[in-house]
Amino acid sequence: MTNPPHDNGSDPSEGGGSFLVVNPAALLQQAADHYNNHAYKASATICLQLIDANPDIGEAWRILGCVAIKTGDFKTAVGNFVRAVSLEPGNVAARGSLALALELRGQIDQAITAWRTYQNL
C-alpha cells in the first residue's frame, strides 16, 4: 500500500521546490476503496489529509464517520456525519449514516427525525 501524495509545504514561486496539486476526488476514491477493503486506518488517514487541506469536503467527513462506526466510536461518528450534512445538505448517504449513528448511540428521538429527513430527500 502506498501513501497518498501530499503537499510538502514548499512554494515554487519562493524557490522552495515544487508542490503537488492533488485531486480531491481521486483521494476520496482511494479513501473509499480502503474503507471497502477494511483498511480503516488508511481510509481515515487520507480523509484527515484532505480535511487538513480543505475542511469543507463533506464526503471526507462522511467517510471518517463510517470509519468511526466500524471502530465503535459512535459519538465521533455522529459529529463527523453532522459536519458532512452541514457541508452537503443533499448528501443522501451522509444523512442516512447520521440517522444510523444516532440510533447506534441510543439517541432514538434524534435518529427517528434523521431517518424521516433521509426518507424525504
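Is the crossing of H3 and H4 left-handed or right-handed? Keep in mind that this is a predicted model. The crossing of these two helices, H3 and H4, is left-handed.

Now the geometry. Two packed helices are described by the angle between their axes and the distance between the axes. Here, helix H3 covers residues 58–70 and helix H4 covers residues 74–87. Their axes lie 8 Å apart, and the packing angle is about 160 degrees. Angles over 145 degrees count as roughly antiparallel, so H3 and H4 are roughly antiparallel to each other.

Which residues of H3 and H4 make the contact? On the H3 side they are Gly58, Trp61, Arg62, Leu64, Gly65, Cys66, Ala68 and Ile69. On the H4 side they are Phe74, Thr76, Ala77, Asn80, Phe81, Arg83, Ala84 and Leu87. Sorted by class, the contact of H3 with H4 has ten nonpolar residues, four polar and two charged.

A disulfide needs two cysteine sulfur atoms within 2.5 Å. For the sulfur of Cys66, the closest cysteine sulfur is in Cys47, 9.1 Å away, which is too far for a bond.

Are Cys47 and Cys66 buried or exposed? Cys47 is buried, with a relative accessible area of 0%. Cys66 is buried as well, at 11%.

How values were computed:
Residues numbered from 1 in each chain as written. Predicted model: local features only at pLDDT ≥ 70, side-chain atom pairs only at ≥ 80, totals over all residues. Heavy atoms only, no water. Buried < 20%, exposed > 50% of the residue type's maximum accessible area, 1.4 Å probe, protein only. Axes fitted to C-alpha atoms, helices over the stretch in contact; angles between N-to-C directions. Helix = DSSP H or I, 4+ residues; strand = E, 2+ residues; numbered from the N terminus. Parallel < 35°, antiparallel > 145°, perpendicular 65-115°, else oblique. Left-handed = near helix turned anticlockwise from the far one by under 90°. Contact = heavy atoms within 4.5 Å. Nonpolar A, V, L, I, M, F, W, Y, C, P; charged D, E, K, R; others polar.
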